[in-house]
Amino acid sequence: MVAAGIAGGWSGIATKLASDDLAQGHVLLAIAWGLSTAAASGVGVLSEMSALQTRPAIQVAPVVFVTQTVIPIVVAPLLFGESFADTPLSGVPLAASLALLVTGAGLLARSQLLVELVAGEPVSHPSGSAPSPSPPRREISRSSPSSDADDPSTPTTSTSPERIWR
């Protein structure tokens, strides 16, 4: 999860560097940064997909999004000489926003209730009352099976007999 966030953060930084170099007429450097953005994005997607195979999305997404948001902000003063002291209220709103972002994502990722809801498990209510039952599903009946076969908009799938036992 963290690797996917780091890759997303690097992708954002590399995109900024590519646009800066392109604006200054350094086309080859901009292309190099663009390729770096593509590589970081590829690594980020692979890392996030790997994380999603082992953890629910409700836990993966907040960590990835927070990491890829925080990294460029933390790195900006070191790499680009940015000064948040020059911003309104000397960067206090930015620091408060980052603290709120990290806290909210941490609470969201650790919420057992949300993990159970996403997993489709029954959720116990603190009041001890059972949730109201959902309305029964309506079954859709078709008029005749032969009419579907003649309809070109109806998707059909056939499985080769060789693939049945795989």
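Predicted model: local features only at pLDDT ≥ 70, side-chain atom pairs only at ≥ 80, totals over all residues.
Colleague: How do the elements of the protein run from the N terminus on?
Modeller: They run α-α-α-α-α-α, and the secondary structure comes to six helices and zero strands. Residues are numbered from 1 along each chain as its sequence is written, and side-chain values use heavy atoms, with hydrogens and water left out.

Colleague: What share of the residues is buried?
Modeller: Buried residues make up 20% of the 166 residues in the protein, where buried means under 20% relative accessible area, exposed over 50% and partly exposed in between, with a 1.4 Å probe and protein chains only.

Colleague: And what percentage of the contacts join residues at least 24 apart?
Modeller: Among contacts between residues at least 6 apart in sequence, 63% join residues at least 24 apart, a contact being heavy atoms within 4.5 Å.

Colleague: Let's go to valine 60; which helix is that in?
Modeller: Valine 60 has its place in helix H3, which covers residues 57-80.

Colleague: Buried or exposed, and why?
Modeller: Valine 60 counts as buried because its relative accessibility is 0%.

Colleague: What does valine 60 touch?
Modeller: Not counting residues up to four places away in sequence, valine 60 touches Met1, Glu48, Ala51, Leu52 and Arg55. The C-alpha atom of valine 60 is also separated by 8.9 Å from that of valine 2, a residue 58 places away along the chain.

Colleague: How do H1 and H3 cross?
Modeller: The axes of H1 (residues 2-23) and H3 come within 7 Å and cross at roughly 45 degrees, and that angle makes H1 oblique to H3. The axes are lines fitted to C-alpha atoms, for helices over the stretch in contact, with angles from 0 to 180 degrees between N-to-C directions. Angles under 35 degrees count as roughly parallel, over 145 as roughly antiparallel, 65 to 115 as roughly perpendicular and the rest as oblique.

Colleague: Which residues meet there?
Modeller: On the H1 side they include Val2, Ile6, Ile13 and Leu17, and on the H3 side Val63, Val64, Ile71 and Phe80 are among them. By class, this contact of H1 with H3 has eleven nonpolar, five polar and one charged residues; Ala, Val, Leu, Ile, Met, Phe, Trp, Tyr, Cys and Pro count as nonpolar, Asp, Glu, Lys and Arg as charged, and the others, Gly among them, as polar.

Colleague: And H3 with H4, what's the angle?
Modeller: The axes of H3 and H4 (residues 92-110) cross at roughly 160 degrees and come within 8 Å, so H3 is roughly antiparallel to H4. Among the residues that meet are Ile58, Pro62, Val66 and Ile73 in H3 and Leu94, Leu98, Leu101 and Ala105 in H4. The contact of H3 with H4 has twelve nonpolar, two polar and no charged residues.

Colleague: Switching to H2, which residues are buried?
Modeller: Ala30, Ser36, Thr37, Ala40, Gly44, Ser47 and Ala51 are buried in H2, and the buried residues of H2 pack against H1 and H3.

Colleague: Why does serine 36 count as buried?
Modeller: Serine 36, which lies in H2, counts as buried because its relative accessibility is 18%. Leaving aside neighbours within four places in sequence, serine 36 is in contact with Trp10 and Ala14.

Conventions: Helix = DSSP H or I, 4+ residues; strand = E, 2+ residues; numbered from the N terminus.
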